[in-house]
Protein chains: 2
Amino acid sequence: MAASILISLNHKSYLREPESTELGRKIIAESIKMIDNLGFENFTFKKLAAKIGSTEASVYRYFENKHKLLVYLVSWYWAWVKYTITFHTHNIQDPCERLCRAIEVLTQAGQDEDPSIAYIDERILHRIVVSESSKVYHTKEVDEENKAGYFLEIKSVCSFLAKMVQDAAPEYPYPHALISTVMEATLQQIYFAKHLPTLTDIKKKEQAVEETLPFLKHLVFSAIEGNLMKIKAE
Amino acid sequence: MAASILISLNHKSYLREPESTELGRKIIAESIKMIDNLGFENFTFKKLAAKIGSTEASVYRYFENKHKLLVYLVSWYWAWVKYTITFHTHNIQDPCERLCRAIEVLTQAGQDEDPSIAYIDERILHRIVVSESSKVYHTKEVDEENKAGYFLEIKSVCSFLAKMVQDAAPEYPYPHALISTVMEATLQQIYFAKHLPTLTDIKKKEQAVEETLPFLKHLVFSAIEGNLMKIKAE
DNA sequence: CTTTTATGATAGTAATACTATTATTAATGG
DNA sequence: CCATTAATAATAGTATTACTATCATAAAAG
């Protein structure tokens, strides 16, 4: 990973750019730790302000509410994942091999020891994405927020990977559905391994990531290589 | 569908059994409508009480909080889905055909005009499950609630379908992961078709259910029929 | 050296998520 | 049929959350 990369988002879930000030970076750094510790529901701006030695009002100058902060964090995660996938696949010629590598990177994202950016701990952020990310779009305001561009980063990763599917299997009719299913499954299977093991076959929660990978690879490649005749017949 | 079936849950997310009293049934019936209209976050016991002509305190005698009410509704949904799948598959001998039928029923659950129980509108409940169900287990209390049996119904459906996968393909190593992925995808693809169409290939949101079905069928059957050799080689 | 700009300090409000108390009514049991 | 229990309604009250507003101060920019 490059020593310093710059992830920039395509929308403004924030009021003031948090990357540009000391307080902003503290808000990001500490909110990641607190959401991981307390869970999103128990996390408040008041608690955050107390922890970073600031005030509630100051935090509210950066984000309208905690939901928009979560949108920011999750968007940052997906922008970073896209960067990472691009980085690890750009010189692979064979479409199948490229897709395979992309799935590996997607599944293993957030497992690296060394962070790309000093104040963002990607391993903790990954845990937040696993536990909380579905909440960013499961709200009554989803359509307005979609219009505001809040989900551009996740959609971009989906399109990017769907394109790889199309390159590898031009006949396969559900590239986006397949990829969005896999993107969600990557997170879910890790969560299930840890909290609801009956819902998965991944046994060791310590190695959930490693065990999820062959399942997803097989799922994707059997879907796109497998008997496409069958679909057409229907 | 039978004229009157009785869905009973394996745990006590409620304080007082809501099915047994008039007020309890009103709470269930009206909360389904209100959560659908307002979204779970904007739904409160105060608003619910006002709508059914009761008081906040009375609602609290049935459910400790709105989260447990959601657990109840989602559990009811899965118990009902399991009943429905059992009903539609019990006399099918061929394992593949049985699995196929089960996936159809799973995907089409909640589309029927006629409800099984007078005060529960399954079509609205299905919309709630699509939009809100992931919130029942994405909390900091997931492990305690799992111990309390709050997720027995969804786990039961997963095990039931995973068993069908094993009957159809005894060699396939990820039956539970495959089924939990499909169960989630069933809901997600419908949600994406409606709110985030970039994440799916399902075009017409009106027929999202119908279009999701062939995608899922192909996904499952190519996974279990497809080259199992490949997995073993790894 | 003055004027923005960011932050801190403090206060305040409406809504949420409850809990407690008492009165009233309906159901049950002897 | 009366006495007891149980369920609900009515009302009040509390702690926390999710903000908004005001003003002072410190730092940075012009």
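In which helix of chain B is the place of B:S180? In this predicted model, B:S180 is found in helix α10 of chain B, which covers residues 175–195.

View 1. The side chain of B:S180 makes a polar contact of 3.0 Å with the side chain of A:Q189. Leaving aside residues up to four places away in sequence, B:S180 touches A:Q189, A:F192 and A:L199 of chain A, together with B:C158 of chain B.

**View 2. The interface of chain B and chain A.** The contact takes 58 residues from chain B and 58 residues from chain A, and the two chains bury about 4800 Å² between them, with 57% of this area on carbon and sulfur atoms. Across this interface there are zero salt bridges by the rule applied, whereas 23 residue pairs are found in polar contact, both residues of each pair having a pLDDT of 80 or more. On the side of chain B that touches chain A, the elements giving two or more residues include α1 (22–38), α6 (122–132), α9 (152–168) and α11 (208–225) of chain B. Helix α10 of chain B gives the largest share of that side, namely 13 residues.

View 3. Over all chains the count comes to 26 aromatic pairs. One of them is formed by A:Y191 and B:Y137, a tilted pair with 6.4 Å from centre to centre and 35° between the planes. The pair joins two chains, because A:Y191 lies in helix α10 (residues 175–195) of chain A and B:Y137 in helix α7 (residues 134–137) of chain B. A:Y191 is buried, with a relative accessible area of 3%, and B:Y137 is likewise buried, with a relative accessible area of 4%.

**View 4. Aromatic residues within a chain.** The rings of B:Y77 and B:W80 have centres 5.9 Å apart and planes at 50°, so this pair is tilted. Both residues lie in helix α4 (residues 66–89) of chain B, where they are three residues apart, about one turn of the helix, and both of them are buried. In chain A, the residues A:W76, A:Y77, A:W78 and A:W80 form one aromatic cluster.

**View 5. Charged ends over aromatic rings in chain B.** The charged end of B:R16 sits over the ring of B:Y62, at 5.5 Å from the centre of that ring. In another part of the view, the charged end of B:K82 sits over the ring of B:F160, at 5.1 Å from the ring centre.

View 6. B:T89 is found in helix α4 of chain B and counts as buried, because its relative accessibility is 3% and the class is set at under 20%. Not counting residues up to four places away in sequence, B:T89 touches B:R98, B:R101, B:A102 and B:M164. The side chain of B:R101 in turn meets that of B:E104 in a salt bridge, with 2.7 Å from N to O. B:R101 and B:E104 are three residues apart in helix α5 (residues 95–108) of chain B, so about one helical turn separates them. B:R101 is partly exposed, with a relative accessible area of 27%, whereas B:E104 is buried, with a relative accessible area of 18%.

View 7. The structure holds 20 salt bridges over all chains, among them the one in which the side chains of B:E30 and B:K33 meet at 4.0 Å from N to O. B:E30 counts as buried at 14% relative accessibility, while B:K33, with a relative accessible area of 41%, is partly exposed. The side chains of B:E132 and B:K135 also meet in a salt bridge, here at 2.4 Å from N to O. B:E132 is buried with a relative accessible area of 7%, and B:K135 is buried with a relative accessible area of 8%. In chain A, a network of salt bridges links A:E41, A:E132 and A:K135.

Terms used
Residues numbered from 1 in each chain as written. Chains lettered and ligands numbered in written order. Predicted model: local features only at pLDDT ≥ 70, side-chain atom pairs only at ≥ 80, totals over all residues. Heavy atoms only, no water. Phe/Tyr/Trp six-rings, centres within 6.5 Å; stacked < 30°, edge-to-face > 60°. Helix = DSSP H or I, 4+ residues; strand = E, 2+ residues; numbered from the N terminus. Buried < 20%, exposed > 50% of the residue type's maximum accessible area, 1.4 Å probe, protein only. Lys NZ or Arg CZ within 6 Å of the ring centre and 35° of its normal. Polar contact = N/O pair within 3.5 Å; in protein donor to acceptor, adjacent residues only side chain to side chain. Contact = heavy atoms within 4.5 Å. Buried area = accessible area lost by both parts, 1.4 Å probe.
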